[in-house]
Amino acid sequence: MKCNRFSSCFLMLIAMTGGKAAAQTADNPKVTSTCQVERPARQGSGSTPGSGFTFSIGGFPIGGGGNGDHHSSSYDSDSEHPVSRESRGNVGLGLSFNLGELFQRLRKPEIPQQLLEDGPQFERAFSMACIPVRGFVRGGWPLVIDYQAEPGTIASVEIHVEGREPVVIPLGGGSGHNLLKLRLPDRLGDQLSPALFLVRGVKDQPGGPVLGRINVFGLGAGPRAVGSVAIDQVEFKPGTMSIRKNETARFSFFSHADFNRAAAEVLRVVNRDGDLQVQLARSIPLSGGVAAGTWVGRQEPRIWDGTDVNLQPSLGQHMMQVRAWLSAQDGGDWVTAWSAWTVEVVR
């Protein structure tokens, strides 16, 4: 059965939990179970007695006080609206993680080298409604995101660099398909810095924050990542494959730029009451990177045999994630794109 990966054909559930408490940075930031960045309100900011945190949603502070420092930074944007593609809705959030722990990892000396060697880093399990990406950033860099926010959803991208105020970028709403390109503010610094990029959508409604639905097709940072999203048209098929019949799945994608490092990753997908959750099943190296203006997987087929990292059958729905990046001497640019359709593995 061929399924759009946001349809109702997902049947299996997966239990995922956030990270344990870790040593915190000076402002002790966290990400809540509704994908809100939470920071202690500063002393003397006039916060409500008994309240210790400020929430930021799309650049507008709400909740327990604070001085509104989580403002949306100025940036130059160029929004495009290509021909609409298949809607990829029905997403939400099903896990919580600790931003302080991510910053703790980013402070480790080996992390910048890991980002350069292994590219943008994702948690092994996350929700497509709350996408945390660890990657490099530089002030003045272009950022590109290919997305579709469902009606009634306020979407945003946040960029967190330790020791700097976060950059919060509201994304346009509506039901249309959007390709947004923008220039990041210079205050992010003139050197490559490890950062946390957080893409999320919340419902436009009174009361506490509730995650809405946002469909992300691609995300990238750096000159090589921007034009359109530098990796796109990620295909993953057929709709169903059988382990018993020794069937395989094929994947392909188009690269608009040169990247000397790349990887394809199969993500196991679960639709949990409208919350699209993914977990890494198998990583497929792409030796030699990718070249501009070329298809990968068209002339020379790229296949997946339906097994996980332990070479055991990975049953259920799966999607393809493609990451590409540049080494240190070439700038550290990176991009990630996802397939719109899933492959279901059956016995």
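Among contacts in the protein chain between residues at least 6 apart in sequence, what percentage join residues at least 24 apart? The figure is 75%. Welcome to this predicted model, whose protein chain holds two helices and 24 strands.

**The chain overall**
- The protein chain has 347 residues, and 54% of them count as buried.
- Its accessible surface comes to about 14,600 Å², and carbon and sulfur atoms account for 49% of that area.

**A pair of strands to look at**
- Strand 9 covers residues 142–149 and runs antiparallel to strand 12, with six bridges joining the two.
- Within this pairing, Pro142 stands opposite Arg183 in strand 12.
- Strand 12 spans residues 178–183 and is mostly covered, as five of its six residues are buried.

- Gln233 counts as partly exposed because its relative accessibility is 38%, between the limits of 20% and 50%.
- Strand 15 takes in residues 231–237, and Pro238 lies in the loop between this strand and strand 16 (240–242).
- The peptide bond that joins Lys237 and Pro238 is cis, with omega at about 10 degrees.

**The loop between strands 16 and 17**
- Asn246 is found in the loop between strand 16 and strand 17, the latter being residues 249–255.
- Asn246 also has a positive phi, here about 60 degrees, and is not a glycine.
- With a relative accessibility of 68%, Asn246 counts as exposed, since the cut-off for that label is over 50%.

Technical notes
Residues are numbered from 1 along each chain as its sequence is written. This is a predicted model: local features need pLDDT of at least 70, side-chain atom pairs count only at pLDDT 80 or more; totals for chains, interfaces and linings use all residues. Side-chain values use heavy atoms; hydrogens and water are left out. Helices (H or I, at least four residues) and strands (E, at least two) are DSSP runs, numbered from the N terminus. Buried means under 20% relative accessible area, exposed over 50%, partly exposed in between (1.4 Å probe, protein chains only). Contact means heavy atoms within 4.5 Å. Accessible areas come from the Shrake-Rupley method with a 1.4 Å probe; for residues, only the protein chains shown count as cover. Two strands pair if DSSP finds at least two bridges between them.
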